[in-house]
Amino acid sequence: MKEENKNYIIKYLKEGRRFDGRKIDEFREVEIEYDISKSAEGSARVKIGGTEVLAGVKMAIESPYPDTPDQGNLMVGAELLPLSNPEFESGPPSIDSIELSRVVDRGIREAKAIDTKKLVIEKGEKVWSIMIDIVPINDEGNLFDAAGLAAIAALKTTKFPEYKDDKIDYKKKTNKNLPLNKVPIPITILKIGEYFIVDPSIEEQKNIDARLTVTTTSDGQLCALQKGGDMPLTSEDIEKMMDLAILKSGNLRKILSGDKK
Amino acid sequence: MSYKKRFDGREFDQTREIETKTKVIKRADGSAMFKIGDTIAYAAVYGPRELYPKFMQNPQKGLLRINYSMMPFSGSGERVRPGPSRRSREISMVIEKALSPVINLEDFPNAVVDVFIELPQTDAGTRCAGICAASMALADAGIEMKDMVSSVSVGRVDDKIVVDLCYDEEAYEDGPVADIHLAVIPSTGELTLLQMDGEISKQDLLKAIEMGKKACIKINEIQKKSLKENYISKDKEEKK
């Protein structure tokens, strides 16, 4: 059955088509909505076609990690909610949700998107912790790209809560934004047969040979990679996939800065 | 001391503004969003579907399984740890008891109807908003129901009986507070959820319940209207 689906997908790709009428390298419509949760210090909703993902940022004051006493802490969590897809199950985080959160985490961390040195209150003792949580509401494919975009969009809206006399007043937000340096954007390229596609549907996602998530910053630098899928990739494949990812990230970057807050 | 005027200027028997929408999660068999004030609940229904592990299956009747959860960034204070907590498990259980009286579990032997409730933003009254959303999502999923269930919190703030407490009222410090969670089957007036914490006299409690019932009837109208709207607008599109 699976083999049959895949053959059909490839047959379509050969003609430059996909089941939903898109071109091989065409994204579905991307929408970003900011400040979707007043409870969070920053939040955003990203829709890519029917896929909908929320991201929220909470902040707290904690001790820094021993190896980075002069930097704030960053944590990214993702939960594949059974609310968003009938195949997701309740229970401890699945390996898929762990991979998703770590790929997004790596993009933000390695791009040095957040200026963590500016999050220190008392060196070695007290720093701000930035906790980003990613929550899919409806999964119709391509959670990687939606999650990465939602996380950075939420960071853009994040405002420090009031901090006075050693206490955080979460009810009072200041006007101070989180210090951001760079905007990492992950794009996932999938290989099916000899074809490379972007922004997969659930069905396409299930029938891939391999995938590569390429996270880039605005200057075209790469900051994180993650290969997935069962089949190997050649160096030529990887080059093609990187080129396509860099090309596609430009468009998402425009949408992200167009809605600037 | 006396609680003269509500923090947000509402009448004492008035709920916060309510917004609803169904079919908000396309992959689910039924779904709804219920917003009351700054509290937002999403509910998604999956099923009836086969129940695993198999030993949990009951050939006599199906299982209604509720999973209530606050998103990690939805709390008014610190981050909420994801995954089940003692609090969320108890709330899931009482929501299940609040909804199951209107559902014929015998209709789906060996199967489960899963209801997932998620809150992205909260300002008190989360279990009540969750019940309202879940009830609409069950109807949207086409699960046969005797009636909807509507839910609201009521309570006492100092010397006043109030409907739909917000967080600031729950945390009122200048006098005694009681926080009561109700769920009502509107057609019969029966209660399917009743929880209270705080201090209140018997008379005041009974008065609060009556106020809650009245509010639930209004909420029920909003729930029904929202479900119907979906089909009215669909009919119109078909006519075009």
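I began just after H2(A), where A:Lys112 takes a positive phi of about 55°. This is a predicted model, in which local features need pLDDT of at least 70, side-chain atom pairs count only at pLDDT 80 or more, and totals for chains, interfaces and linings use all residues. Residues are numbered from 1 along each chain as its sequence is written, and chains are lettered from A and ligands numbered from 1 in the order in which they are written.

I then looked up helix H2 (residues 95–110) of chain A, which has 16 residues. From its first C-alpha to its last H2(A) reaches 22 Å, close to the 22 Å expected at 1.5 Å a residue (1.5 Å times one less than the number of residues). Helices (H or I, at least four residues) and strands (E, at least two) are DSSP runs, numbered from the N terminus.

I listed the buried residues of H2(A) as A:Ser97, A:Leu100, A:Ser101, A:Val103, A:Val104, A:Gly107 and A:Ile108; buried means that 20 or more other C-beta atoms, placed from the backbone, lie within 10 Å of the residue's own. These residues cover an arc of only 155° around the axis, which puts them on the same side of H2(A); the arc is that of the directions from the helix axis to the C-beta atoms. I noted that an α-helix has 3.6 residues a turn, so residues three or four places apart point the same way.

I next checked the cover over these buried residues, which includes helix H3 (143–157) and strand E6 (126–138) of chain A.

For the whole chain, I recorded 5 helices and 12 strands in chain A, with 45% of its 261 residues counted as buried.

Note on methods: A residue is buried if 20 or more other C-beta atoms lie within 10 Å of its own, exposed if 12 or fewer, and partly exposed in between; C-beta atoms are placed from the backbone. Two residues are in contact if their C-beta atoms, placed from the backbone, lie within 7 Å.
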